[in-house]
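These are my notebook entries on one structure. I set down what I looked up, entry by entry.

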Amino acid sequence: MQPIQSSVLLRGLGSLPGDPKILAVATDSRAAGPGSLFVCIKGERVDGHAFAAKAIEAGAAGIVAQHPIPDVDPQRCVIVEDPLDAMIAMGANYRAGYHPLLVGVTGSVGKTTTKEFCHAVFSAFGKTLKTEGNQNNEIGMPNTLFRLDADTHYAVIEMGMQGLGEIEKLTRAAKPDGAVITCIGRSHLEQLGTRENILRAKLEICDGLPDGAPLVVNGDDDYLPDASIRPGLRKVLFAIDNENAEVRAREIVSRPSGTHFIIEDAVHGSFPAFIPAMGLHNVRNALSAYALATRLGLSPETAAVALANYQTTGHRQHVVEHKGVTVIEDCYNANPDSMRAALFTLRDYPTQGKRIAVLGDMFELGAITEQAHADVGTLAAQCGVDLLLTVGEAMQAAHKSALAKGVCALHCEDRGAALEALKGRCRAGDVVLVKASHGMAFEKILEGFYSGF
């Protein structure tokens with residue numbers, strides 16, 4: 001964060017005596033220091049208000065809080081209705097001082113991967129800021145905006161949500177010049193009830209776009225091609241199957257090293273491309289990054305070549321070779337759409353050995369939980385899985401449906417049992433997919449496998 005006067009950062013929220021320069025915004029009192037502004041966030045387990053006095057002792061210039069705090073000078077305490085909304089407002093105030101070409105990324109599945117493809121492409125043209133990890137909420141997105149500086153030419157901002165109205169707040173703060181919606185999936189059904197509501201929530205990203213901006217959407221999605229958007233925006237479809245899409249991928253060839261394909265662009269022509277990742281879903285993610293960059297005026301030739309610079313993050317379809325076993329790490333998160341994509345990747349991965357899937361529960365699916373997990377077992381059979389190891393109460397449905405389709409399947413009591421089953425049945429030459437929702441902590445299985453196999 002570059003130094004900013006508190007009167008500018010807190011515009012519309014309040015003021016601090018003497019209008020001090022703010023050097024950092026902190027939501028963790030341990031990060032508060034001289035010149036910082038501490039924002040009191042009330043979480044499920046910890047209330048930041050309890051640490052406000054400690055932040056002042058550490059040198060914080062002021063506090064943003066929901067109510068007065070004992071032992072904190074009231075003049076140094078800016079009272080707001082909602083500290084999370086205050087974070088977004090401060091992000092908007094800070095962002096107003098910088099003018100990079102900024103793009104927004106949202107969607108039910110593939111947001112972070114698409115963000116990384118966008119970062120790879122835009123970085124070929126200049127210094128590019130991106131959302132780190134999955135910091136795409138009311139705290140993470142403002143913190144990303146606070147990293148803007150005068151040398152930032154491009155910025156790629158990921159925007160997530162748990163309910164209606166949340167992306168609208170984020171996009172109005174970030175003010176993107178263009179945006180991508182990856183797909184309308186079934187994650188967040190527990191909160192939003194229907195895919196139509198999920199579509200409404202994702203389309204809120206349009207609220208921050210200026211007239212004439214490109215909205216790049218998945219032409220192979222069953223909701224997005226026909227979705228109504230605000231007049232004045234330009235909808236650009238990318239696709240593999242949809243012949244009406246403006247940007248398509250053809251001649252797709254997957255190898256263990258990655259995927260080669262031809263980009264057919266109705267505006268700019270055809271370009272060869274390579275991405276160091278497998279799966280048609282990753283080809284679509286790459287197409288969206290190319291489409292967004294080129295519709296914002298960047299060179300199509302350079303954009304196509306830059307897709308090869310994509311790097312996986314965390315445990316998102318990261319391929320690891322370990323003692324002759326190929327491990328597809330994909331356990332950062334899971335929902336029916338990403339699970340389907342992961343199983344297709346396992347199906348297409350060339351191997352002389354077995355295809356093994358170690359799968360854990362998918363969260364936040366509401367009424368479709370049992371059916372969605374049963375469908376995973378059926379899909380595992382269709383994808384030629386030789387051994388299915390499942391963990392979690394919901395995954396029992398996948399175990400049963402896989403058994404009914406003739407798959408060798410074992411339901412494990414916990415992660416430890418799954419790890420032992422994997423180590424006992426895995427051999428050199430096998431390909432192993434490890435995938436579950438983040439709360440299942442399947443990275444522990446990976447750690448145990450790498451240290452004990």
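I took a polar contact to be a pair of N or O atoms within 3.5 Å; within protein, one atom must be able to donate a hydrogen and the other to accept it, and residues adjacent in sequence count only if both atoms are side-chain atoms. I note that the model is predicted, that local features need pLDDT of at least 70 and side-chain atom pairs pLDDT 80 or more, and that totals for chains, interfaces and linings use all residues. Residues are numbered from 1 along each chain as its sequence is written, and side-chain values use heavy atoms, with hydrogens and water left out.

**Entry 1: Ser108**

I looked up which backbone nitrogen lies 2.8 Å from a polar atom of the side chain of Ser108, and found that of Gly185. I located Ser108 in the loop between strand S7 (101–106) and H4; helices (H or I, at least four residues) and strands (E, at least two) are DSSP runs, numbered from the N terminus. Ser108 has a relative accessible area of 5% and is therefore buried; buried means under 20%, exposed over 50% and partly exposed in between, with a 1.4 Å probe and protein chains only. I then listed its contacts (heavy atoms within 4.5 Å). Neighbours within four places in sequence aside, Ser108 touches Thr182, Cys183, Ile184, Gly185, Ser187, Ile198, Lys202 and Asn335.

**Entry 2: the sheet of 9 strands**

I traced an open sheet with mixed pairing, in which 9 strands follow the order S8-S9-S7-S10-S11-S12-S13-S14-S15. Two strands pair if DSSP finds at least two bridges between them. Strand S8 (128–130) and strand S15 (269–275) are the edges; each has a single partner strand, so one side of each lacks a neighbour in the sheet. With direction ignored, neighbouring strands of this sheet are turned by 20° against each other on average.

I followed the pairing strand by strand. Strand S11 (residues 214–218) runs parallel to strand S12 (residues 234–239), with 5 bridges between them; Val217 stands opposite Leu237 in S12. Strand S13 (residues 247–255) pairs with strand S14 (residues 258–265) in the antiparallel sense over 7 bridges, and the two form a hairpin with 2 residues between them. Here Ala249 faces Ile263 in S14 as its opposite residue. S14 also pairs with S15 in the antiparallel sense over 7 bridges, through a hairpin of 3 joining residues, and Phe261 stands opposite Ala273 in S15.

H4 lies across S7, S8, S9, strand S10 (178–181) and S15, at about 175° to S9. Axes are lines fitted to C-alpha atoms, for helices over the stretch in contact, and angles run from 0 to 180 degrees between N-to-C directions.

**Entry 3: aromatic pairs**

I searched the whole structure and recorded 7 aromatic pairs. Rings of Phe, Tyr and Trp (its six-membered ring) pair if their centres lie within 6.5 Å; planes under 30 degrees apart count as stacked, over 60 as edge-to-face and the rest as tilted. Phe117 and Tyr310 are stacked, because their ring centres are 3.9 Å apart and their planes stand at 15°. Phe117 belongs to helix H4 (residues 111–122) and Tyr310 to the loop between helix H10 (300–306) and S16, so the pair ties together parts 193 residues apart in sequence. Phe117 is buried at 0% relative accessible area, and Tyr310 is buried at 6%.

The pair of Phe122 and Tyr154 is tilted, because the centres are 5.6 Å apart and the planes at 40°. Phe122 lies in helix H4 and Tyr154 in strand S9 (residues 154–158), 32 residues apart; both are buried. I also noted a cluster of Tyr94, Tyr98 and Phe146, linked by ring pairs.

**Entry 4: the sheet of 6 strands**

I traced another open sheet, of 6 strands with mixed pairing, in the order S16-S17-S21-S18-S19-S20. Strand S16 (318–322) and strand S20 (408–412) are its edge strands, each pairing on one side only. The twist averages 15° from one strand to the next. Strand S18 (residues 355–360) and strand S21 (residues 431–435) run parallel, joined by 5 bridges, and Leu359 has Lys435 as its bridge partner in S21.

Helix H15 (residues 443–452) lies across S16, strand S17 (325–329), S18 and S21, at about 160° to S17.

**Entry 5: helix H14**

In helix H14 (residues 415–425), I found Ala418, Leu419, Ala421 and Leu422 buried. These residues lie on the same side of H14, because they cover an arc of only 165° around the axis, taken from the directions from the helix axis to the C-beta atoms. Their cover includes S18, S19, S20, S21 and H15. Asp414 caps the N-terminal end of H14, with a side-chain oxygen 3.2 Å from the backbone nitrogen of Gly416.
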